[in-house]
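Hi,

Here is the structure I promised to pass on to you. Have a look at it first, and then read my notes below.

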Amino acid sequence: MLIIPFLIILQDGLREGLSELWRQVTLPVAWHALKLTLWTAAVMVIINTIMGTITAFVLVRYEFPTKSILNAIIDLPLAIPTLVTGVMLVVLFGPQQAVGAWLKQQFDISIIFAPPGIIMALLFLTFPFVVRSVQPVLLELDLTQEQAAATLGAGGWTIFWRIILPPLTLPILTGALLSFARAIGEFGSIVVVAGNIPLVSQTAAVYVFGEVESENRLGASAISVVMVTIAFSLMILANYLRKLSKTRGAEEAT
Amino acid sequence: MNNSIVDHTNSSTRIFQFISTLKASWKSWIGIGIVFGYVGILIITPLAALAVSALEKGLGPIVTSFRQSYVLLSFWNTLWIGTIVVVIHAIFGTIVAWVFVRHRFPGRDLINGLVDMPFAISPVVVGYMLLLLFGRNGVLAPLVEATGIKVAFAFPGMILATLFVTLPFMIRELVPVLETFDIRQEYAAATLGASAWQTFWRVTFPALRWGIIYGITLTFARSLGEFGAVLVIGGAAQGKLMTTTLFIYHAIEERQYTAAYSAALVLGLFSLALVIGSDWLRKKENR
């Protein structure tokens, strides 16, 4: 059930040979869609990594009222259908809506039908990944090391960079990879938020959808091959990192 | 002697922690403020905006839009596709998780990696794969003709697409539960003369129960929201094949915003209630 579809898509994409695949991928519209997908996902990963790590840190280290509510809210994006996420963002930032019109008038920023909308949708969807990847590791971190560092005169920043961050790098990376992999393929929210404007706000998934609809099998297969290859390599890498952090954790425990 | 040392370090740690929280308190409030601001803008505001604009003119328009037979039909379709998917995954997901935890076989690591793939592959590509398999000139087109079961642009295809997309949930919920399950309980039951079936129902199943329930809820919630794969394999289906997500999409295309927003709100709240409800049940059980 998992492997046959892969082979089918690979076979179909390579039907006319590698050079034809390359030609399909480098068509201006397709190439732009791929680039847009990759750079919006990259911006999302940077913001998500920083905010996710801060959120995990706040949830683990600080005590404050409504903490359990905040903890529950983190998972909300996983429960909401992505199409509904798109609708929510359009309702808030659409050009005819109050907030959207104000942003356009004051700062000349459009969010809907533009890259910022794509980035917001991706941030919404992938928010839990970094948080949930970092949180358990942070919980098990040995506080005595930080105290020892503090006793030896290390300041807050030194403690953070030298003691807290190193064991968190692997989980942060895993979470970032998962968010990136998830973002590359996202369709439901983006088709609503960004629309289907070639060379402006059309992402790879939306491009594939358009090519399938217009029965351009070569184009659809070519971009699908690229997307599947990226997804495949990212997931393998994420799996490897997860294993690595598990064995490392086990070593430290012994 | 040993004990007293441990006690001493524990209490000094606690004092240290207390002092450090006091010292860091203004910093901690900055952190808390940043997180709440971010979550508020990113998650809460859009949710609230949808609710407000769907309810802007009161419940009236929502009720009228739900009175339309095709809106109800779309919800009905979504629910029964979800139900079929859940039943299939509840059975096969349990078996796969079981085989996975209890047996060592070559290629186990590879399959472990593959199970998560549907999570990373674009739903559009999933739908397209199925189209390549079952479509007009598809690889399996002869099989489709021979059996007379239409897959592409029909319910079987939409169910297959949803099955593919929801594959990881059941397995990922059950594998950790099965891994921590003490297999000696089964041996004990067998020694006491229980049959394999009795052992499963009386010993193993109760231990798995919450894993299965949570896996089912996640699978169901995810299948309610599936859109891209169903859109492609359903052929932008109209009429009888409409699911709720497809209805919302078409309503937006046709600028019927009230209908689209209210259906989106209902679908979103329903999925939320499912996931939050099962989470709450599990926490209650753990206590």
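Axes here are lines fitted to C-alpha atoms, for helices over the stretch in contact, and angles run from 0 to 180 degrees between N-to-C directions. Helices (H or I, at least four residues) are DSSP runs, numbered from the N terminus. The model is predicted, so local features need pLDDT of at least 70 and side-chain atom pairs count only at pLDDT 80 or more, while totals for chains, interfaces and linings use all residues. Residues are numbered from 1 along each chain as its sequence is written, and chains are lettered from A and ligands numbered from 1 in the order in which they are written.

Now to chain B. Helix 14 (residues 244-253) of chain B packs against helix 15 (residues 257-286) of chain B at about 155°, with the axes 8 Å apart. That angle makes the two helices roughly antiparallel (over 145 degrees). Residues in contact (C-beta atoms, placed from the backbone, within 7 Å) include B:Phe247 and B:Ile248 of helix 14 of chain B and B:Ala263 and B:Leu267 of helix 15 of chain B.

Helix 15 of chain B also meets helix 3 (residues 60-67) of chain B, where the axes come within 9 Å and cross at roughly 90°. These two are therefore roughly perpendicular (65 to 115 degrees). On the helix 3 side of chain B, the contact is made by B:Pro61, B:Ile62 and B:Ser65.

Finally, the two chains: 52 residues of chain B are in contact with 51 residues of chain A. The largest share of chain B's side, 15 residues, comes from helix 2 (residues 25-54) of chain B.

Enjoy exploring!

How values were computed
Parallel < 35°, antiparallel > 145°, perpendicular 65-115°, else oblique.
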